[in-house]
Amino acid sequence: MLHLHCCNDLVRLLVVGWGHSVYLINVDNGSLITHSLGVYFGYIYAENNQLLIASGERLWCIRRDGSLQWISEKLGFDGVVVNDVTDGTISGDGEWDPPRGWRPFRISLDDGKRVK
């Protein structure tokens with residue numbers, strides 16, 4: 001699955017998720033940043049000048065310049081989705097027991113740690 005996303009901010013990035021990696025291309029100077037996810041790429045979410053990258057197991061928070069801000073703990077075994085971001089908290093679901101073993105999670109947008 002190939003996903004393309006462009007966010008216009010201080011740095012304009014073309015973001016491509018493919019296989020087990022995410023590629024961030026600076027469209028102004030052509031530089032490339034690659035983040036290896038360890039498992040398959042799932043989704044891209046743009047939130048508060050950051051990108052949230054969902055892999056099969058975790059969320060990755062990428063700053064607007066393409067650098068890594070944090071990686072969450074394991075949130076699922078076969079898929080992670082973000083349902084909402086409100087007041088600095090990311091709410092979503094991780095699939096632990098396919099095909100219908102989804103469990104909710106809540107983590108901080110600031111550091112990716114679990115929120116009670």
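**A chain built from strands**

Strand β9 (residues 80–86) runs antiparallel to strand β10 (residues 89–97), and six bridges link the pair. Strands here are DSSP runs of E with at least two residues, numbered from the N terminus, and two strands count as paired if DSSP finds at least two bridges between them. T86 has T89 in β10 as its bridge partner. Together β9 and β10 make a hairpin with two residues between them, and D87 in the turn shows a positive phi of about 50°.

A word on where this comes from: the model is predicted, so local features need pLDDT of at least 70 and side-chain atom pairs count only at pLDDT 80 or more, while totals for chains, interfaces and linings use all residues. Residues are numbered from 1 along each chain as its sequence is written, and side-chain values use heavy atoms, with hydrogens and water left out.

Now for the chain as a whole. The protein chain holds eleven strands and zero helices. Its radius of gyration is 14 Å, close to the 13 Å that the globule rule gives for 116 residues, so the chain is as compact as a globular protein of that length. That radius is taken over C-alpha atoms, and the rule is 2.2 Å times the number of residues to the power 0.38. Along the principal axes, the C-alpha atoms fill a box of roughly 45 × 30 × 15 Å. Of the 116 residues, 42% are buried, that is, under 20% relative accessible area with a 1.4 Å probe, protein chains only (exposed is over 50%, partly exposed in between).

Back to the strands, and to an open sheet. Four of them line up in the order β5-β6-β7-β8, with antiparallel pairing. β5 (41–47) and β8 (68–71) sit at the edges with a single partner strand each, so one side of each has no neighbour in the sheet. β5 pairs with strand β6 (residues 50–55) in the antiparallel sense over six bridges, and A46 stands opposite L51 in β6.

S31 lies in the loop between β3 (21–26) and β4 (32–36), and is partly exposed, with a relative accessible area of 34%. Leaving aside residues up to four places away in sequence, S31 touches L24, I25 and N26, where a contact means heavy atoms within 4.5 Å. S31 and E47 are 16 residues apart along the chain, and 23 Å separates their C-alpha atoms.

How values were computed: Helices (H or I, at least four residues) and strands (E, at least two) are DSSP runs, numbered from the N terminus.
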